[in-house]
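Could you look over the notes below with the model open beside you?

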Amino acid sequence: LALSVNAFPGTCGLQPTSDPDCAHHDFGSCGNACCAVRATVRAPGNRVGAAIARVFSIKGSDAAFTPATTWGDFFSLDRGGCRDLRAVSETSDQFLCQAVHATSGPYHFKDTVNVRVG
């Protein structure tokens, strides 16, 4: 399974523009959950989790991702900001992944990216 992330300008600026991805003014009120993406991937969860960990580990296509340090990192259980939950009976999630992304453009905002593979 290969994940492809195209490089693109990540910081729109202070004012809305004609760019459809930058048409809404960001007033900074979203906290950590401004947008959500739900995707169906036709691949086993272990392959999806490994692909996400690989992308985070190589810092993504724009070299601006930093994988989060997880509890399992201290015990060599986790990789690339992804916690393997397949052995945990309290949840149906298979992996929880997190990274911080620095946007491009003049401001280099830090966005937290959370990914759940269920």
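The points below go from the overall layout to single residues, a pocket and the charged pairs.

1. Basis of the note. The model is predicted, and local features need pLDDT of at least 70, side-chain atom pairs count only at pLDDT 80 or more, and totals for chains, interfaces and linings use all residues. Residues are numbered from 1 along each chain as its sequence is written, and side-chain values use heavy atoms, with hydrogens and water left out.

2. Layout of the chain. The protein chain holds 1 helix and 4 strands, which follow one another from the N terminus in the order α-β-β-β-β; helices (H or I, at least four residues) and strands (E, at least two) are DSSP runs, numbered from the N terminus. Of the 118 residues in the chain, 25% are buried, where buried means under 20% relative accessible area, exposed over 50%, and partly exposed in between (1.4 Å probe, protein chains only). Among contacts with a separation of 6 or more, 47% join residues 24 or more positions apart, a contact being heavy atoms within 4.5 Å.

3. The helix. Helix H1 covers residues 45-57, and its 13 residues should span 18 Å at 1.5 Å a residue, which agrees with the 18 Å between its end C-alpha atoms; the expected span is 1.5 Å times one less than the number of residues. The buried residues of H1 include Val48, Ile52, Val55 and Phe56, and the cover over the buried residues of H1 includes strand E1 (65-67), E2, E3 and E4. Just after H1, Lys59 has a positive phi of about 70°.

4. A buried strand residue. Ala99 lies in strand E3 and is buried, at 0% relative accessibility. Among the residues that Ala99 touches, not counting those up to four places away in sequence, are Phe56, Phe65, Thr66, Asp111 and Val113. The C-alpha atoms of Ala99 and Thr66 are 5.3 Å apart, although 33 residues separate the two along the chain.

5. The second largest pocket. What lines this pocket, and which residues are the closest to its centre? Its space is about 150 Å³, and of its 11 lining residues, Gly49, Ala50, Ala53, Arg79 and Phe95 are the closest to the centre. H1 gives the most to the lining, with 4 residues, while H1 and E2 each supply at least two. By class the lining has 5 nonpolar, 2 polar and 4 charged residues.

On terms, a pocket is an open set of points on a 1 Å grid over the protein atoms alone, where a 1.4 Å probe fits, with protein on both sides within 12 Å along at least five of seven lines, and lining residues have an atom within 4 Å of a point. Grid points are joined across faces, edges and corners, and the volume is the space filled by probe spheres set on the points. Ala, Val, Leu, Ile, Met, Phe, Trp, Tyr, Cys and Pro count as nonpolar, Asp, Glu, Lys and Arg as charged, and the others, Gly among them, as polar.

6. Charged pairs. The count is 2 salt bridges, each being a side-chain nitrogen of Lys or Arg within 4 Å of a carboxyl oxygen of Asp or Glu. Arg116 and Asp93 form a salt bridge at 2.7 Å, N to O, and this pair links distant parts of the chain, with Arg116 in strand E4 (residues 110-117) and Asp93 in the loop between strand E2 (82-84) and strand E3 (95-102), 23 residues apart. Arg116 is exposed at 52% relative accessibility, whereas Asp93 is buried at 14%. Asp84 forms a salt bridge with Arg86, with the closest N and O atoms 2.6 Å apart; Asp84 is partly exposed at 25%, and Arg86 is partly exposed at 46%.
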